[in-house]
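Subject: Handover of a structure, with findings

Dear colleague,

Please find the structure below, together with its sequence.

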Amino acid sequence: MKSVELLVEEAVKAAIENDLERARSWLRQIDFVSLDAERTKARELVWGKASTVTRSIRPAQKTSRAPVRSADMFATFQRDRFTCRYAHCQRQTIYLPVLKELSRLFQDVLPYQKNWFPVQRHIVYWMWGTSLEHRVSFPFGGTSELSNLLTACYQCNDLKNYHQLENLGWSVTE
């Protein structure tokens, strides 16, 4: 079974060649049920009742939440080669504009909804979408400087949320 990023890559190539049926067939090979089960398991490890993760108490905002310039965001993704920088993951992510275009073309296979609900129907976005992560979040004194930015898959970004890396036992690849 091919990985999600390879199936999406093949679908993109077929769509560029205007072979939409072949592109659709590549996307249909994604095992959405397995992806949903994987996400549920990951969330349970961090947020579930049996979790051993020390809960971070969200402190008052230490620094103001400065927006990230589009150029800095894309530079971060390029620097990180669109790969989740968390050492336990290192998933090759898929740039959101690519996923959105595939959703526009193939709503029956890869639907799109602005907030990605229900999660099961948008699991590819949740697990493989490229997101910008702050190594140190704003409540803990982080900034939007390039040195504090990294690429993460949406799943890792969502799981980390307001945790500090040491609470999760996670590390970042350099």
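Predicted model: local features only at pLDDT ≥ 70, side-chain atom pairs only at ≥ 80, totals over all residues.

I begin with helix H3, which covers residues 32-47 and has 16 residues.

The buried residues of H3 are Leu35, Asp36, Arg39, Ala42 and Val46. Viewed down the axis of H3, these residues fall within an arc of 130°, and they therefore line one face of the helix. Helices H1, H6, H7 and H8 are among the elements that cover them. On the face of H3 turned away from its buried side, one finds the exposed residues Val33, Lys41 and Leu45.

As to confidence, the mean pLDDT of the protein chain is 89, and 94% of its residues reach 70 or more. Confidence is highest in helix H2, at a mean of 97, and lowest in helix H8 (residues 165-168), at 85.

Two further helices

Helix H1 has 13 residues. From its first C-alpha to its last, H1 reaches 18 Å, close to the 18 Å expected at 1.5 Å a residue. Its buried residues are Val4, Leu7, Val8, Ala11, Ala14 and Ala15. These fall within an arc of 125° when seen down the axis of H1, so they line one face of the helix. The elements against which the buried residues of H1 pack are H2, H3, H5 and H6. Just after H1, Asn18 adopts a positive phi of about 65°.

Helix H5 comprises residues 96-105, and its buried residues are Leu96, Leu99, Leu102 and Ser103. Down the axis of H5, the buried residues lie within an arc of 125°, and so they line one face of this helix. The cover over them includes helix H1 (4-16), H2, helix H6 (123-128), strand E1 (130-134) and helix H7 (154-160).

Arg24 belongs to helix H2, which runs over residues 20-28. Is Arg24 buried or exposed? Its relative accessibility is 14%, and because buried means under 20%, Arg24 counts as buried. Its side chain makes a polar contact of 3.1 Å with the side chain of Asp108. Leaving aside residues up to four places away in sequence, Arg24 touches Leu105, Phe106, Asp108 and Val109.

Ser144 is located in the loop between E1 and strand E2 (149-153). With a relative accessible area of 13%, Ser144 is likewise buried. The side chains of Ser144 and His134 are joined by a polar contact of 3.4 Å. Beyond the residues up to four places away in sequence, Ser144 touches Ala66, Pro67, Val68, His134, Phe138 and Leu149.

Cysteines and strand E2

How many disulfides does the structure hold? The number is zero. A disulfide is a covalent bond between the sulfur atoms of two cysteines. For Cys84, the closest cysteine sulfur is that of Cys156, at 3.8 Å, which is too far for a bond, because a disulfide requires the two sulfur atoms to be within 2.5 Å. Cys156 is in no disulfide either, and its nearest cysteine sulfur, that of Cys153, is 3.6 Å away. Cys84 counts as buried at 1% relative accessibility, and Cys156 is buried with a relative accessible area of 2%.

Ala152 counts as buried, at 0% relative accessibility.

In brief, H1, H3 and H5 each have buried residues that line one face. Arg24 and Ser144 each make a side-chain polar contact, and the structure holds zero disulfides.

Yours sincerely

Conventions:
Residues numbered from 1 in each chain as written. Heavy atoms only, no water. Helix = DSSP H or I, 4+ residues; strand = E, 2+ residues; numbered from the N terminus. Buried < 20%, exposed > 50% of the residue type's maximum accessible area, 1.4 Å probe, protein only. Polar contact = N/O pair within 3.5 Å; in protein donor to acceptor, adjacent residues only side chain to side chain. Contact = heavy atoms within 4.5 Å. Arc of directions from axis to C-beta. pLDDT = per-residue confidence, 0-100. Expected span 1.5 Å × (residues − 1).
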